[in-house]
Amino acid sequence: QSGPRQTPDADPRHVYHNVAVAIDPARTLFNGAPALLCTAIDALMLSPGQRVLHLGTGLGYYTAILAACVGPTGHVAGLEIDADLHARARENLAAMPWVEMRASGTLAAGEMFDAILINAGVTHPQPDWLDALTPGGRIVLPLTVAMPQMGPIGKGLLLAATGTDDPRVFSLRIVAFVAIYSAIGLRDDAVNGELGRALQKAPYPPLKRLRRDAHDADASCWLHTPGGCLSLS
C-alpha cells in the first residue's frame with residue numbers, strides 16, 4: 001500500500017520488523033531500511049569500548065544501536081544538522097550518556113574514531129573522515145548518484161573501507177546496492193556526473209582499494225574523487 005500506515009499502538013516491538021518507520025511523512029522522511037542499516041552496522045565490526053562517528057542520526061534509532069554495540073565504555077558522536085531531528089535525537093538518547101549529539105557536521109581537530117557510519121548518500125568520502133580514522137579503522141558510506149527525477153533519493157553502492165598499514169591506502173569492498181537520501185552539503189556535482197557514468201559502465205565493479213596518493217589515472221582507476229581514487233586493483 002502507498003503512504004504511511006499507523007501502528008495499532010506505541011509498543012516498541014513494531015520497530016523491530018524490517019519496515020521503514022516514518023519520521024516526517026510530509027517530507028517522505030523515514031528512519032531508513034532496517035535490513036540495510038543493520039548490514040552497514042555489521043560491516044563496521046564494532047567492539048565494546050570503541051569510538052564511533054554517526055553522521056545523519058535522524059531520530060537516533062540506529063545511533064542507539066551503535067551505542068549498544070560499543071557499550072558504556074565506548075563513545076558515539078552523532079551528527080545531525082536538521083535542528084528538529086537533532087533536538088529529538090538528543091531527547092531519545094538521553095539515557096545513553098556515552099552518546100554525544102552534535103548539530104554541526106564539522107569534526108574537532110585531532111579527534112579519532114575506530115568506525116564511521118555515513119547515513120546519507122555522498123559522491124565521495126570527505127578527507128577529514130578518512131583522517132579521523134584510527135589505524136585499521138572502518139568507514140561505511142553510501143556512494144550515490146542523485147538525479148532530479150528521483151527527488152531527494154540517490155542510488156548507488158554502499159561501500160566499506162578499512163585502513164591498512166599505509167595511511168594512503170584503504171581496502172575497499174561493496175556491501176550492497178543502496179537507495180538513500182542525499183546528504184546536504186557533502187556532494188560534488190561534477191563527481192556526481194562521473195559517478196553516474198562509471199556506474200553505467202560497471203554497475204557492480206570489483207573494487208579493491210581506496211587510494212589517497214597522488215597518481216595519474218590508469219585502467220585500474222574506476223573513479224577519481226576529491227577524497228581519493230576508487231581502484232580496481
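Predicted model: local features only at pLDDT ≥ 70, side-chain atom pairs only at ≥ 80, totals over all residues.

Reader: Good to know. Let's start with H3: which residues in it are buried?

Author: Leu85, His86 and Ala89 are the buried ones in helix H3, which covers residues 83–92. Looking down the axis of H3, those buried residues fall within an arc of 100°, so they line one face of the helix.

Reader: Why would residues spaced like that point the same way?

Author: An α-helix has 3.6 residues a turn, so residues three or four places apart point the same way.

Reader: And what sits on the face of H3 turned away from the buried side?

Author: That face carries Ala83, Arg90 and Glu91, which are exposed.

Reader: What do the buried residues of H3 pack against?

Author: They pack against three strands: E1 (22–24), E2 (29–30) and E5 (99–102). There's also a detail at the start of H3, where a side-chain oxygen of Asp82 comes within 3.1 Å of the backbone nitrogen of Asp84.

Reader: You mentioned E1. Is Ala22 in that strand buried or partly exposed?

Author: Ala22 lies in strand E1, and its relative accessible area of 41% makes it partly exposed.

Reader: OK, over to H1. Which residues are buried there?

Author: Helix H1 spans residues 34–43, and its buried residues are Pro34, Leu36, Leu37, Ala40, Ile41 and Ala43. They pack against helix H2 (61–70) and against strands E6 (113–118), E7, E8 (153–163) and E9 (169–181). After H1 comes Met45, which has a positive phi, near 55°.

Reader: Now the cores. How many residues does the largest nonpolar core have?

Author: The largest nonpolar core has 34 residues. Those with the most contacts inside it are Ile116, Ile118, Trp129, Ile139, Leu159, Trp222 and Leu230. Strand E7 (residues 133–146) gives the largest share of this core, with five residues. A second, separate core has 27 residues, including Leu46, Leu93, Val99 and Leu117.

Reader: What's Leu159 in contact with, leaving aside its neighbours within four places in sequence?

Author: Leu159 is in contact with Ile139, Val140, Leu141, Leu143, Leu172, Arg173, Ile174, Val175, Leu207 and Leu230, with those neighbours set aside.

Reader: Changing topic: how many disulfides does the count come to?

Author: The count comes to zero disulfides. Take Cys69: its sulfur is 9.0 Å from the closest cysteine sulfur, in Cys38, which is too far for a bond. Cys69 is partly exposed, at 32% relative accessibility.

Reader: Last topic, aromatics. How many aromatic pairs does a search of the whole structure find?

Author: Two aromatic pairs turn up in that search. In one, the rings of Tyr61 and Tyr62 have centres 4.9 Å apart and planes at 90°, so the pair is edge-to-face. Tyr61 is partly exposed at 30% relative accessibility, whereas Tyr62 is buried at 3%.

Reader: And the pair of Phe177 and Tyr204, what are its distance and angle?

Author: The ring centres of Phe177 and Tyr204 are 5.2 Å apart and the planes are at 55°, so this pair is tilted. Phe177 lies in strand E9 and Tyr204 in the loop between helix H5 (189–201) and E10, so the pair ties together parts that are 27 residues apart in sequence. Tyr204 counts as partly exposed, with 48% relative accessibility.

Reader: Great, that's what I was after. Thanks!

Key:
Residues numbered from 1 in each chain as written. Heavy atoms only, no water. Buried < 20%, exposed > 50% of the residue type's maximum accessible area, 1.4 Å probe, protein only. Helix = DSSP H or I, 4+ residues; strand = E, 2+ residues; numbered from the N terminus. Arc of directions from axis to C-beta. Contact = heavy atoms within 4.5 Å. Polar contact = N/O pair within 3.5 Å; in protein donor to acceptor, adjacent residues only side chain to side chain. Core = buried A, V, L, I, M, F, W, Y, C linked by side-chain atoms within 4.5 Å. Disulfide = S-S within 2.5 Å. Phe/Tyr/Trp six-rings, centres within 6.5 Å; stacked < 30°, edge-to-face > 60°.
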